[in-house]
Amino acid sequence: METSQIIIIAVVILVVLALIVFWPFGKSPTKSSNTYVPAQTNVSGPSAPASVSFYAVNVQYVYSGPPNKNGVSCNYNSYTYVDGQSATLNGTQPFNLQYAISSSQCPMTIVSANVSTPGFQMNSVVPDLPFTLPPNSNAQFQFNMRAPATDFYGPLTISIHYN
């Protein structure tokens, strides 16, 4: 074999060895079909809290007692009073509503109070219920509530059950 043929064979062998050794490093990575990609959260920053606005409070007084007590006409009945209170709150924000309640010639017991507007919560009532008012008396009640976590615009409805 001539020297030139040996040099050509040596060069070909080196090129083949170089390709075998360096070829895998020159490839671009490929995506696998089972690659885990975590979910993206807060892509556009934190979301704004819900906007809650009520423009009136429907106060439903629900009477379930007798028309007379000890021969005295009580003049109690069920009715709805629309209170003009309004508020704009953030979602889940606590807030309070206050109402003065009066009894007639008969004693009155406030048995319970609840909110029927979806999403709103009544957390507590001060003073605790049931609460009895003597005849011809007044009491101030505070309803401790929480706004819904979703957007809301409309009237708020609470019910006061008494007998």
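Helices (H or I, at least four residues) and strands (E, at least two) are DSSP runs, numbered from the N terminus. With that, colour the protein chain by secondary structure. The pattern along the sequence is α-β-β-β-β-β-β-β-β-β-β-β, with one helix and eleven strands in total.

This is a predicted model, in which local features need pLDDT of at least 70, side-chain atom pairs count only at pLDDT 80 or more, and totals for chains, interfaces and linings use all residues. Residues are numbered from 1 along each chain as its sequence is written, and side-chain values use heavy atoms, with hydrogens and water left out.

**Whole chain.** Show the surface. The accessible surface of the protein chain is about 11,000 Å² (Shrake-Rupley method, 1.4 Å probe; for residues, only the protein chains shown count as cover). Carbon and sulfur atoms hold 58% of that area. Of the 163 residues, 29% count as buried (under 20% relative accessible area; exposed is over 50%, partly exposed in between; 1.4 Å probe, protein chains only). Among contacts (heavy atoms within 4.5 Å) with a separation of 6 or more, 73% join residues 24 or more positions apart.

**The sheet.** Select β6, β10 and β8. These three strands form an open sheet in the order β6-β10-β8, with antiparallel pairing (two strands pair if DSSP finds at least two bridges between them). β6 and β8 (121–126) are the edge strands, each pairing on one side only. From one strand to the next, the twist averages 25 degrees (axes are lines fitted to C-alpha atoms, for helices over the stretch in contact; angles run from 0 to 180 degrees between N-to-C directions). Zoom in on β8 and β10: five bridges join them. Pick V126; its bridge partner in β10 is Q142.

**Aromatic pairs.** Now show the rings. There are twelve aromatic pairs (Phe, Tyr and Trp, its six-membered ring, with centres within 6.5 Å; planes under 30 degrees apart are stacked, over 60 edge-to-face, the rest tilted).

Select Y61 and Y79. Their ring centres are 4.9 Å apart and their planes at 20 degrees, so the pair is stacked. Y61 lies in strand β1 (residues 51–63) and Y79 in strand β4 (residues 79–83), so the pair ties together parts 18 residues apart in sequence. Y61 is buried at 10% relative accessibility; Y79 is partly exposed at 40%.

Next, Y99 and F143. Here the centres are 6.1 Å apart and the planes at 50 degrees, so this pair is tilted. Y99 sits in strand β6 (residues 94–102) and F143 in strand β10 (residues 138–146), 44 residues apart. Y99 is buried at 6% relative accessibility, and F143 is buried at 1%.

Last stop: select Y61, Y63, Y76, Y79 and Y162. Ring pairs link these residues into a cluster.
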